[in-house]
Every structure is written in C-alpha cells, then in structure tokens.
Amino acid sequence: MANTIELAQTGKRDYLTSLERKYQAQWQEQRLFETSAPSKEELEGLSPAEIKEKYPKWFGNFPFPYMNGSLHLGHAFTVSKVEFTAGYQRMLGKRVLFPHGLHATGMPIKAASDKVIREMEMFGENFERYGLEPEEEKPKATENGSAAPKPVGKATKGKVAAKATGLTYQFQIMESIGVPREEVKKFADPHYWLSYFPPICVADHNAMGNRIDWRRSFLTTDINPYYDSFVRWQMNRLHDLGKIKFGERYTIYSPKDGQPCMDHDRSDGEGVGPQELLGLKMEVVEWSPAAKAIIDGKVGDRKVFLVPATLRPETLYGQTNCFVSPTINYGVYAINDSEAYVVSHRAARNLAFQGLSPTRGEVSQLVEIHGKDIVGTKLKAPLGVMPEVYVLPMESVKASKGTGVVTSVPSDSPDDYTTTQDLRKKAEYYKVDPAWLNFEPIPVLTTPKYGNLTAIEICKELKIQSSKDAKLLADAKEIAYKEGFYSGTMIIGDFKGEPVQDAKPKVRAQLIEMGLAFPYAEPENLVMSRSGDECVVALMDQWYMDYGEPVWRAQAEKLLASMNTWTVETRNLFGATLAWLNQWACARTYGLGSKMPWDPQFMVESLSDSTIYMAYYTVAHLLQGGDITGHTVGPLGVTADQMTDEVWDYLFCNGPWPDPAPFPKEKADAMRHEYNYFYPFDMRSSGKDLVQNNLTFLLYNHVAIFPEDKWPLGIRTNGHLMINGQKMSKSKGNSLTLRDGIEKFGADAMRLTLADAGDGIEDANFDEKTANANILRLHTLLEWSEAMLKDGAPLGNRPKTFYDRVFEEEIIDLINITKSHYEATAFKDALKYGFYELQNVRDWYRELTTEFSMHADLVKYWIRVSALLVTPFAPHFAEHIWLEYLKEPKTIQLALWPDPGRAADRTIIEAGQYMRKTLKMIRDAEISLLKKMQKGKGGKGSGSSFDPKSPRSVRIYVATRFPEWQDTCVQVVKDSYSEQEDKVDDAKVKELLTERGLIKDKRAMPFVQAFKKRMSDIGAKAAFRRTLSFSETEVLNEFLPYLKRALNLVDAEVFSVEEALQREGPGFSRIIIEASEPGSPAFEYRNV
C-alpha cells in the first residue's frame, strides 16, 4: 500500500502549474540566469576589496548528480539549499552564479550497460523471451561465500533501502524509471546513457524553476575532451607535487570486477575501509580423532595451522585454548607447498588477494571440515605461557568476522572467560573433555581499576552470568579493550613493565619476525559492489592519494578552520574525517572516466575526478559553447588539445604563460578574468554522507593545487530526506522523483515544502499534506491579492491609525527577521516568518480594521513585500503578483530585497504583541470561568451569579508596579549575575534569598527559574529592564472597540489597580485586581 496521499482535486494545482510553465519560458527566453563577470574595463584600477564592494558576487554549487537515472526528491532537497540561497543573494544585488555539471565517471553506468548486454543474450533484443524459459538460478548468500548481497551494513542502511527496487533484472529497472522496453537495448552502449539522462535532468531542474546557468554545464569522462584535459592536468599537478603515489597497500577490492571498489562503486558498505589484524599461526600438534579421519592424506607434507585473527597481540601470553564454531564449515587451504591454514571461506578469499595462496586471487581448498570435528585438536600457542592448548567450541563465533577461528585469553576477554566457564559447567552437553579445560586465567597486564584479571572483574561488575548475555558482553568487551590499551601495563613477556600502548606494536612485530604470525586485513563490514560481488581486502600495487600525510592534513585543517560550515555538527564531521582518512586508491581499470596521464592503463576513479571541478565551471561556457560533451568549440575558438597543463596552470595557479603559446594570450586572459572574479565558491551544498570522502577530498585537493585566496569559503551539509516521516523507498510506495513532485504538487508548492522540511544535518521530512495545503494557500493568496489591487477594492486612503502603525511596523520587523534567517540559510525559519507569519499579521490587521477598512497603501505594501520575501522559495507565484497585479515592468528575478532601512519600532511591535496577548487572556479567562461554573465551583470572587448567556461587560485592571516579592527576587538574580561570564551564580541566589527571607516562599524559586529563562531568551539587559515601552492604558483604550466587537461585550472598561482598589466591592474583587502585573492585566466579567 502506497504511503503517499492522492489529491482529490487538481484544478488549483493545474492553474498554478500553468503559471509556472509560462514564467519558466519567459526566464529562459530572457536568459536571466546566465551570469558573467563584469567587464575588464569595469574592474580596471579597482582593488579586490573595491571589486567586492562595487560588484559583489555569489557562487554556489552542489555535487553533480550521476547520469544513470532521474533526480529524486532527495536531490531536490540538497539542490534547494543552493537554489534558495541563490534567489536571496540575487536580491542583494549580487552577480549570482549557480552552475550544474553532470557526472558519469565510474562503474555504475558501465556495470548496468553490461547487465543489459547479458540480459539481451538471455532473453532477446527486446527481452521477448523473458518468462518463457527457466530463469538462471540467482546466486545465494552463504555464510562462507560471496555472490548475493547480504543484510545491509550500518554505513548505508538508509541509502540502500532508498535505492532498493525489488526488481531482478536491469531491463526491469529501466522500465520502472520510464524507459520503454523497446528502447532498453540502446542502453547496452554506456555512452547512450550520457545522451538520454542529461536532457531529463535539465528539464526537471527547469520545471522546478531553478536559477541555473546551463551554459556552464558539462559531462565528465573522456567523452568531453575539455573536461578530460582539466582532469588530466589536475592529476599531473598532484603527481608532480608528490600527492599521488604508487605502492603496495590494502584496499577494498572486487574480485569479479578485477579492480578496487571505491565508495561510489558500492551498492552496500559506503565508508567501509580495510581493517588490519594479525593472523596468528597456531600449528596443529595432534588432530582430534574426527578431524584426523577427514584430513589424513589430503594435505600432503604441509604443516597445518589454525589461524585466528586478532587485534590484541599483546595478550597472547595468556592463551589458554582456541575456539571454533561448531556450526561453521571450515576449509584447509593451501598457502604454499609447505603450509596450509584452517579458516573460513570468506577469510580464504581475503588471504588469496594478500599473497597468501599458491596463485594470487585463487583459493586452493584441500579439504572441507566441520567446526565440531575440529574440537579437541591440540595446537601450539605462540608466546603462550601454556605452550600447547586445545580447540574448544564457541557458538558466538561468526564466519562473517575475522577468520572464524578465535584464540582465547580469559584474563582479558570477557567473551572468552564466560564461554570457558559455561563449558566447564556443561562439559558433557558441549561434548568437551574436562581435561581440555584444566587451566586458570593467566594474568597478562594490570590496570589501576581492574587489577591483573580485567575480564573477570568487569564480568563481576556488570553481573554477567553467561556467554548468552550478548549485549552486556559487548559492553564489557569495549570496556576491557579501552581500559587495557589506555591504562594497562604489561606484567609478562619481553616487554614487561611497559605500557600496553607501547608494547602492542612491539609484540606484533616480534611475532611477524619470528614467523609465528602475519599481517591480515579484511573489510570492516560487508561491502557489495554494484556488480553483486562481495568485496575483499587486496594487497596490491596501485596509484593512491596520500591523504593523511601530516603536512597536507595540516593544510586541510587550516582550510577547515577558515571555512563556513553553517553548523557545528558539519565542522565536527570534517574534523573527525580528517583525523582518520588516509591513503585512497585513485585509479581503476573498469568503468568510464579519464585516463591517468602517465599510466593510461588506469582511469581516474569517480571520487577523485570530482574534487576541484567547481573551478572548471568558471571557464566551461567559454570553452564548450554550451555543448555538454565538449564536441563543439566555444566562443573563444580554443580547441581541447590547446588546453595544455601549462595553460591550466596559467588560468588557475598564476603560472607563467607558456612559450610557445598554444593560442593568443588574450583568450586565456578572458578565462582567467571569469575565474578570478567568481572563485572561490561561496557555498557548496551536499548530503552529510559525502563528508567522509568527497568533501574532505575537496579540501585536500584545493589546498594542494590552488593559492590560499582561492580556497573554498563554505560547505553546507544536510541530512537525508524522508517523505511523510519515512525513509524514501519504492517498496514502501513513498519514493518520489523530482519530476513526480512537480507533477503532483506543482513547483512552488513543492519548493515551499522543501523549505519547510528542515535545515540541520539530521534527516528532514517532506510532508505531502503540507505540500497539498500549500497549493491552496498559494491559490488563495493570488485571488486575494488580485481582489485587493483591483479598482473598487474595499480599502481606505484615510490618515493612518494606531492599527495601521502596528501593521506597518510588524511588516518591517518580519522583513528584518526573515533576512536574518536567509543569511543563516535557516530556510524553515525564513519561510515561517517571511511567509506564514507575514500572512498572520495581515489576518490580524484585517480583523482589527473590519469596521473602517484596511489602508490601501499598506495593503499594497504588504502584497509587494510578501511577493519579494517568498521569491527565493516560490518564484513563479511571486512573479505573477509582481507582473500581473503590481504591474511592475521587469521580472521579480531582478528585484532587490525590500530593505526598510531601519529596525522596527519596538514600542509599536510590543504594543501589537500586547494586544494579541490581552485578547487571548480575556478569552481564556472567560473559558476558565465557564469551566468552573459548570463544575459548580464559582470562581473565588468571581460572583457565581454571572450568566455568560446574558449581556456582559468586562473590567480590565492595569498595574504599574510588580509585587514587592518579585522585585526582591529580580534584585537577587541581578546581584548574583556576572556580566563578564554572562552567568548567574545559583549558590549565591540561594544565599541571598535566605538572607531576605524568601527561600521558603514557594513562589520564589519557580519565579527565579522563569526569570533566568527570560534572560536567556531576550538577554540579561532587556530582562532586568522591567518596564513596558508603552502605556498599557493608552493601548487598551485604542483596543477597546475591537475587544467589545470581538468578544460580543456590551461594554469594556479600563482601570488602574489603584483606582479599582478604591472601588472594592461588588464587581471589583480585590483578589482579581491584585493578580494584575505590568504587561499582564487582570479581567473581571459581570452581567449588565
């Protein structure tokens, strides 16, 4: 069942979308969003600071999307952050550049086109045989194997769920995204994708009304010779700087694809890297009878070793046994002619790509053996106090982690300790000989908190009773590791007395040198390639970016410190990534892309050719002439082969102009002029998941290649987009493409809902009910605006009243508040104040002026302001009001922000707030009185004879002073407040309240806490100033006619507290009168 709403009626939406198409056509015809730098003549003689002031610019971008399908609503959400900012920055009079590239580098397109070829071979050119013959059996995931995708890993659970289609074949996936079956065969050519999807992308953006300069668009890969030249220059420059190196290193690798599998090549496991462990060689001394029967004669003269993988070599002195799973099938794998290892099949695959098999990449299994048959085998324990140990069963051992073999150190591993205890208690049940368990935990290290038997003490502390207490054991394992590593001291072995942190690498190196262990690596979690292959870790020679190198990292951290990230969370994500990110494979042999200039057998991988392309935007329109493939020579007449490395150096890095020159220098100067004006970019908007790779690569590449004044100014990130509170998923029926959203709700209603969805790095929510409501709201506003601006509208041209002044100041206040939120890219709040609240103040004004009409000039001012403030969000709606109703001669896309030139008059603003608050308080007071009367509890002093159905009047009591006890509390807070630290000393507050006899007054502390919150909300200075900026009596007297009408009162009177107390008696209740405070009058109803 679909988790989306169906629109009952679409007439209003259809009207709005007709306007959208009309204005989009006009904007494209007028080429409004094509932005160029000021001419050289305009900038001549101006300093950079003067250029910035006289010709301000703003350059925003977002990660170019991959051209293997249509953009989805999540893309639109990230794009909207740039789009909304671009719209706002245009209104500040800046030259705004918002370009958009098209990404095709990498595996996905090539892998998908290969699937189409294979399916055509299976089912025919148009897949006509599908369903007529038995389907090939799909590969299944096994505990030890690869092939089929396994459960989604933590790194990309949401991402994979959102991408899942539930479809088996590529041709079905193509049909599901709108490609006719008879056209699918064309996608067997990977380059056809690059002609099919880019026009869809452009059309969808235009249908959304995005302010994109399409002249600067381009496709990546060597299909575009200009961009190919740019990427080859980038690689050459990094290579020359020593940032790209060649060497043997661990990398995530797809055996099926025959190349490293980087983040963008994965269907599952993005962000997962190699985990380096130590493979320990525990030589078989004597096989168990069951194992001996299986293995005899199968391994030749090879020594056989069980090989556990460990992260804690320093604890191996305390080995007491070895564990295997009684339910896993293991293999005995030939490593060479003299050795064989017992491990899981998954581990054997990893070993085969790390030089530990007779033939690289090939697993050589000599015999398969079940885990339960290995139990009872006697092994040598390298470094162990116990030189020989037995193999025991452990049910929690997994084939999907490590090698499936675990060495046991009960003194420091809670899992090992509890399992050996359980085995002792039920030896017969587990089919183990008690003699195999004839040992005690062996102390290896000591910690200040847990002594020399860390695991045992932690199990006691956490009250762990059994090896079945999985959650508690996970916590215990983490505690034991951290405590041992950070606080432990060795008490045994060659490094006795040394801190564990120092001893750990020494023990590891010693074991490797002695031939008792070897380095082993595996993926931290499951990684699946897009070709459906479970990836391994391979040790291989390859080209890699030397990220993490200390000097380079320090430069990247310097850039981060100077850059705007808009949120602390984004800054912290960058900081954390810079702390762990290291060498990154930057080449591949399969897929689409640009070739490595010095080693053309390799291509540049997709995350490495997309780190500095923002600079290419500044010159693309001059080189390509609007042709995204770069097959058309642009207006400068410069060919791709003329764009040498020396020319790119001249353009972007202040290098010398080459001699001999490949083309006239004036043409290069025209490009450099555009680059120097627009670069660096001001904002890059991206999903937060790219911080862990591409966005951090961007920092590294910029600091390596560009001068400091061209380093990025800001990177903004956002969370994923949910729809109706759930992650987007086709299986849930709530997946929307960008085109779907526009067709369903119209561009402006969709854009408003994207703005309302959220602004932080937490996941945002696109609420379809909000989108539907926005259709009605926009349509209603258009109708009302048209009615108000027609001749004969019920408006007045009278002198301005108090209500008019309040309305005008509230408009000014909302203009300024909205501007502050646009500046902060807090779009949800900008929408709240610049759209919703602006309508609320109009509605309030309309209600106040029912008897004598709204002021014509103010209504027109409101309509004008409402159109301008929402222009970044709903440009088509705003354009229609601007051109058709306000009769402006030029598009609203050229209009400036309606800056009032001053702050709103706070006295008038507060008076307006006071009126709203007072009306609500009087209504609430009446409701409260009615409830009490219905319960038969006539309010104290309220007069139980009051009949709400009879004619009634209200008296309003106004106080000019606060109660004395409150004044005392405020003074106590003031005396305890440090202006320098902006902090209240709570201990001093209690001390002073005690001195002044208020500590036992139940009203005091709640009042103090509420007052401190007020200080936090409005600032200490404003909170301590406890006087109103207006006369309550004057405002109420202005307000009385409306109050009487709104509340259906015969009369309403205003009295000061002092005056009312003098009249104490029937109708003037002391308890009500004395409840009044400045800004919070009291009310008393009576029948008349």
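Okay, let me start with a word we'll need: a cavity is a set of grid points where a 1.4 Å probe fits but cannot get out. Keep that in mind, and remember that what we're looking at is a predicted model.

So, cavities. How many cavities of 30 Å³ or more are there? The count comes to two. The one that gives the most is α12, with three residues. If you want to find the spot on screen, look for lining residues including Tyr333, Ala334, Leu351 and Glu362. By class, this lining has eight nonpolar, two polar and one charged residues.

Now the largest cavity, at about 50 Å³. Which elements supply at least two residues each to its lining? Those are α27 (768-789), α29 (827-848), α30 (856-869) and α31 (875-885). Out of these, α29 gives the most, with four residues. Among the residues around the largest cavity you'll see Leu781, Phe835, Trp862 and Phe877. The class count here is six nonpolar, four polar and no charged residues.

Let's zoom out for a moment. The protein is divided into four pieces: domain 1 (215-241 + 607-678), domain 2 (242-254 + 539-588), domain 3 (274-523) and domain 4 (945-1087). Notice that domain 1 and domain 2 are each written as two stretches of the chain. If you take centres over C-alpha atoms, domain 3 and domain 4 sit 73 Å apart.

Next up, a sheet. Three strands make an open sheet, in the order β9-β6-β19, and the pairing is antiparallel. At the edges are β9 (309-310) and β19 (517-523), each of which pairs on one side only. Strand β6, residues 274-280, pairs with β19 over seven bridges. If you'd like a landmark in that pairing, glutamine 275 stands opposite glutamate 522 in β19.

Which of them gives the most? That's α17, with seven residues. By class, the lining of this pocket has 16 nonpolar, eleven polar and ten charged residues.

On to cysteines. To count as a disulfide, two cysteine sulfur atoms have to be within 2.5 Å. For cysteine 322, the closest cysteine sulfur is the one in cysteine 459, and that's 20 Å away, so it is too far for a bond. Cysteine 322 is also buried, with a relative accessible area of 0%. Cysteine 969 counts as buried too, at 0% relative accessibility.

Last topic: the backbone. As a bit of background, most residues other than glycine have a negative phi, and most peptide bonds are trans. Here are some spots that go the other way.

Aspartate 659 and proline 660 are joined by a cis peptide bond, with omega about 10 degrees. Proline 660 is in the loop between α22 (645-653) and α23 (665-678). Another cis peptide bond joins tyrosine 679 and proline 680, and omega there is about 10 degrees. Proline 680 has its place in the loop between α23 and β25 (683-687).

Then the phi angles. Tryptophan 566 is not a glycine, yet its phi is positive, at about 70 degrees. You'll find tryptophan 566 in the loop between α19 (550-562) and α20 (568-580). Aspartate 982 has a positive phi as well, about 50 degrees, and again this is not a glycine. That residue lies in the loop between β33 (977-978) and β34 (983-984).

Buried, partly exposed or exposed: what are these two? Tryptophan 566 counts as partly exposed, at 25% relative accessibility, while aspartate 982 is exposed, at 54%.

Methods:
Residues are numbered from 1 along each chain as its sequence is written. This is a predicted model: local features need pLDDT of at least 70, side-chain atom pairs count only at pLDDT 80 or more; totals for chains, interfaces and linings use all residues. Side-chain values use heavy atoms; hydrogens and water are left out. Buried means under 20% relative accessible area, exposed over 50%, partly exposed in between (1.4 Å probe, protein chains only). On a 1 Å grid over the protein atoms alone, a cavity is a set of points where a 1.4 Å probe fits but cannot get out, and a pocket is an open set with protein on both sides within 12 Å along at least five of seven lines; lining residues have an atom within 4 Å of a point. Grid points are joined across faces, edges and corners, and a volume is the space filled by probe spheres set on the points. Ala, Val, Leu, Ile, Met, Phe, Trp, Tyr, Cys and Pro count as nonpolar, Asp, Glu, Lys and Arg as charged, and the others, Gly among them, as polar. Two strands pair if DSSP finds at least two bridges between them. Domain bounds come from an automatic or database domain assignment.
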